[in-house]
Amino acid sequence: YLKALLGVVPQGKPSDQHMQQIARLAALQHRAKDAIYLPTLREVQECVPSQFYSKQGSQQWLNVVTQHMQYVQPLNPYQARAQFLGLVSAFPMFGSSFFYIQSLSSSSIQAPCILAVNLNGLHFLNKDTHVSKKLI
């Protein structure tokens, strides 16, 4: 999750809805640590994939994660973990094994890329946007 490999970001620009989902996941991670206080800038940075963290300022991330804390605060740590897993399990690449590929003999796939192997087959992900090209 923290390497941003589970989801796909069209054109490398996450939507506001995607950013809100990431903020909720960060709040759930913070609560899962049994933290009852609001997260610090550093804690938020540790809970947000760096690919997305750089899209907004640190203070903006802190503000939006803090907003989500009011919804996750009533949860106990186990409930927070369960909600986190429930949300990330819906991501397209959840359950995949990932491999970094430096070069390929296929002209239809641009390397370097990331190979995701899961029950649905082989997916070659663009290394920047993580847009998938399925082969099998």
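Along the sequence, the secondary structure runs α-α-α-α-α-β-β-β-β. That pattern comprises five helices and four strands. The model is a predicted one.

Next, the overall dimensions. Along the principal axes, the C-alpha atoms of the protein occupy a box of roughly 50 × 30 × 20 Å. The chain has 136 residues, and 42% of them are buried. Its accessible surface is about 7,900 Å². Carbon and sulfur atoms supply 55% of that surface.

Charge comes next. The protein carries 11 positive and 5 negative charges. The mean position of the positive charges lies 9 Å from the mean position of the negative ones.

One helix pair can be followed in detail. Two packed helices are described by the angle between their axes and the distance between the axes. Here the pair is α1, residues 16–32, and α4, residues 58–72. The angle is about 60 degrees. The axes are 8 Å apart. The crossing of α1 past α4 is right-handed.

Which residues make the contact? From α1 come Met19, Gln20, Ile22, Ala23, Arg24, Ala26, Ala27, Leu28, His30 and Arg31. From α4 come Trp61, Val64, Val65, His68, Met69, Tyr71 and Val72.

Technical notes: Residues numbered from 1 in each chain as written. Predicted model: local features only at pLDDT ≥ 70, side-chain atom pairs only at ≥ 80, totals over all residues. Heavy atoms only, no water. Helix = DSSP H or I, 4+ residues; strand = E, 2+ residues; numbered from the N terminus. Buried < 20%, exposed > 50% of the residue type's maximum accessible area, 1.4 Å probe, protein only. Areas by Shrake-Rupley, 256 points an atom, 1.4 Å probe, with all protein chains shown as cover. Lys, Arg positive; Asp, Glu negative; His and termini not counted. Charge placed at Lys NZ, Arg CZ, Asp CG, Glu CD. Axes fitted to C-alpha atoms, helices over the stretch in contact; angles between N-to-C directions. Left-handed = near helix turned anticlockwise from the far one by under 90°. Contact = heavy atoms within 4.5 Å.
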